[in-house]
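Dear colleague,

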Amino acid sequence: MAERGIETSDEWIQERTGIAQRYIAAEGVFSSDLGAEAARKAMQDAQVSAEEIDLVIVATSTPDMVFPSTACLVQQKLGIAQGFAFDVQAVCSGFVYAMATADLYIKAGKVRTALVIGAEVFSRILDWNDRGTCVLFGDGAGAVLLRAGSSPGVLAHRLHAQGQYADILRTAGGIQHGKATGHPFLTMDGQAVFKLAVEVLESSAREVLADANMPADQVDWLIPHQANIRILQFAARRLKLPFERVVVTVNQHGNTSAASVPLALDVARRDGRIKAGQNVLMQGVGGGFTWGAVLARMTI
Ligand code: UT7
């Protein structure tokens with residue numbers, strides 16, 4: 001990572017966060033573009049056509065515009081002409097919020113095939129003079145398909161929010177008459193977020209494991225939100241899971257907010273680590289303050 005204009009060093013960043021590189025979207029590339037590209041790959045992988053998708057949810061805090069939703073823009077880009085589409089805004093917990101929502105629509109019998117996407121261009125809301133945040137975040141997208149089936153893929157999920165912590169991580173700029181106003185950049189009390197993240201990653205993991213009646217040692221892969229390698233190490237230690245079972249991509253992508261968990265899932269599936277039949281515990285934590293966990297059994 002280049003050390004440009006601010007007092008930082010690659011050594012500090014790697015040691016304190018584990019981040020070695022990240023991706024920044026080119027000018028003119030938006031969350032809907034990244035999301036649509038990730039969705040195309042997921043659809044190809046799962047051999048699902050645009051005609052089969054009856055729900056699109058995009059988890060993002062960096063939508064292309066005030067409205068339409070990024071989900072509608074993705075729907076348009078993919079030529080999906082049926083069903084419904086909306087965004088979920090839960091910052092770095094967005095993907096698990098979206099997964100839980102899609103699962104409930106499927107289990108209620110309202111939806112057969114849902115496309116769930118996490119897509120972000122956080123580089124656009126960074127203050128490049130704030131070394132406490134600008135070295136951490138990157139852009140990206142990941143996507144999964146959920147389908148109704150005879151045996152459940154999603155075994156359990158839990159979501160939480162505590163708005164009393166709204167101030168520790170936020171982008172306070174507002175939208176007034178369609179225009180961004182106020183401070184448009186992300187601000188964070190890193191230590192406060194760190195401490196809460198470690199706590200809630202443990203508690204939400206224990207909740208979904210209890211709901212699914214599964215001992216922790218049956219988790220094949222743990223995919224916590226990729227914010228900081230030290231948080232991932234704490235999470236694994238507290239659950240007594242060997243660190244080899246944690247998927248780590250924060251070194252490659254930085255913190256991509258709602259995209260971090262589906263990106264990590266994709267990396268570990270494509271490199272052959274995550275296999276059909278395995279139990280994967282995915283966790284989000286971030287602004288709001290929000291957090292949540294989804295325990296799933298992979299079908300492909
Ligand atoms: O995505 C939502 C979830 N987000 C997270 O989970 C982020 C959670 N927080 C963190 O990952 C960490 O708190 C950070 C990576 C943000 C910061 O690491 P830290 O070990 O908590 O550092 P710190 O804030 O305690 O700062 C230690 C020192 C300070 O200097 P002094 O006051 O000791 O002189 C900072 O000013 O490190 C300094 N510092 C830096 N130095 C070089 C902060 N950022 C940098 C930097 N380069 N980029």
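The lining of the second largest pocket divides into 17 nonpolar, 12 polar and five charged residues (Ala, Val, Leu, Ile, Met, Phe, Trp, Tyr, Cys and Pro count as nonpolar, Asp, Glu, Lys and Arg as charged, and the others, Gly among them, as polar). This is a predicted model, in which local features need pLDDT of at least 70 and side-chain atom pairs count only at pLDDT 80 or more, while totals for chains, interfaces and linings use all residues. Residues are numbered from 1 along each chain as its sequence is written, and side-chain values use heavy atoms, with hydrogens and water left out.

The second largest pocket has a volume of about 940 Å³ (a pocket is an open set of points on a 1 Å grid over the protein atoms alone where a 1.4 Å probe fits, with protein on both sides within 12 Å along at least five of seven lines, and lining residues have an atom within 4 Å of a point; points are joined across faces, edges and corners, and the volume is the space filled by probe spheres set on them). Of its 34 lining residues, S61, T62, P63, I125 and T171 are the closest to its centre, and β6 gives the most, with three residues (strands are DSSP runs of E, at least two residues, numbered from the N terminus).

The largest pocket has a volume of about 1,200 Å³, and A42, A143, V144, L145 and L265 are the closest to its centre among the 46 residues that line it. Its lining takes the largest share, nine residues, from β4. Because domain 1 (2-147) and domain 2 (154-297) both give residues to this lining, the largest pocket lies between them (the bounds come from an automatic or database domain assignment).

Best regards

Key. Helix = DSSP H or I, 4+ residues; strand = E, 2+ residues; numbered from the N terminus.
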